[in-house]
Amino acid sequence: MSAYPANLIEALRAEPGLKLSQRATKDAQWWPADAPQDKKAAEKRMVELAPLLSELQERLFAASVSGGTAPAVLLMLQGMDTSGKGGIVRHVLGMLDPQGVEHHAFKAPTEEEAAHDFLWRITKQLPAGGLVGVFDRSHYEDVLVAKVKGYASPDVIESRYGKIVDFEKQLLEQEILPIKVMLHISREEQYERLAERLERADKHWKYSPGDVDDRLLWDDFQAAYEVAINRTDNQNAPWHIVPADQKWKARLCVAELLLAALERVAPDWPAAAFDVKREQARLEAAK
């Protein structure tokens, strides 16, 4: 059982001249009739996806530890606060073998990182062959937060779009397949999630006063996302706009995107580097 390559995944693609206000955050007319229509059906599909993802990841990892070379996958998660990046990591990447996954959450640059080119700290965290890398935020923060809050000049921001396109082209040349996801949450849903974090003691650790500061800049961030996506979207490193108001829908979409990527790059099982029949005989003799 494979992903939904002809409808769901293609429908998630960012179109030229993307306007986020025209993309659904919840119900969508394009949602395929054969895709899960509610949370219960989505959970069933996720159960089906787990062994498929696990086998493909294991094949990828096995190729890297058997003495050969192997490609890698890099899932980049972007989105406003509370859009569900952490939930994606727990519920989607949690279906994979952790020894084959590398996760990195990018915060505000340290003093050392800020002294280098903005891609310096990103390059240091790229996944090695055979691994699935996950970036919770990424180099796109340097054309989103930096643009909205004026941390870099307009000329510097403008130059970074081209550098990002070149960088992601280099990723492909290094056999690292990028999956770029923007978790598209509505302003109304974000309010509900922030309110819940304030109401529940077990959610206080997730809350930051800076979340409200960024919320006040909502329209600026939406505009910055539109520019960044339109300037860096291309056939080789496409953007996917995932509706994030319903957590089950967002997680399912990312799981399907990851499955499609692994189906694209995962090699066959590596051939044994020994004589199998001889080793079977030796094992029997050692019984």
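Colleague: In which helix does Q57 lie?

Modeller: Q57 lies in helix α2, residues 39-65; helices here are DSSP runs of H or I with at least four residues, strands are runs of E with at least two, and both are numbered from the N terminus. The model is predicted, so local features need pLDDT of at least 70 and side-chain atom pairs count only at pLDDT 80 or more, while totals for chains, interfaces and linings use all residues. Residues are numbered from 1 along each chain as its sequence is written, and side-chain values use heavy atoms, with hydrogens and water left out.

Colleague: Why does Q57 count as buried?

Modeller: Buried means under 20% relative accessible area, exposed over 50% and partly exposed in between, with a 1.4 Å probe and protein chains only. Q57 has 2% relative accessibility and therefore counts as buried.

Colleague: What does the side chain of Q57 reach at 2.8 Å?

Modeller: The side chain of Q57 reaches the backbone nitrogen of D97. A polar contact is a pair of N or O atoms within 3.5 Å; within protein, one must be able to donate a hydrogen and the other to accept it, and residues adjacent in sequence count only if both atoms are side-chain atoms.

Colleague: Why are α6 and α7 called roughly antiparallel?

Modeller: The axes of α6 (residues 141-148) and α7 (residues 154-173) come within 10 Å and cross at roughly 170°. Axes are lines fitted to C-alpha atoms, for helices over the stretch in contact, and angles run from 0 to 180 degrees between N-to-C directions. Angles under 35 degrees count as roughly parallel, over 145 as roughly antiparallel, 65 to 115 as roughly perpendicular and the rest as oblique. The two helices are therefore roughly antiparallel. D142, V143, A146 and K147 of α6 meet I157, R160, Y161 and I164 of α7, where contact means heavy atoms within 4.5 Å.

Colleague: Which strands pair with β1, and by how many bridges?

Modeller: Strands pair if DSSP finds at least two bridges between them. β1 is joined to the parallel strand β4 (residues 176-184) by 8 bridges, and to the parallel strand β3 (residues 132-136) by 5. A72 has I176 as its bridge partner in β4, and L75 stands opposite V134 in β3.

Colleague: What makes β2 and β5 edge strands?

Modeller: The open sheet has the order β2-β3-β1-β4-β5, and β2 (101-105) and β5 (239-243) each pair on one side only.

Colleague: How many residues of β1 are buried?

Modeller: In β1 (residues 72-79), 8 of its 8 residues are buried.
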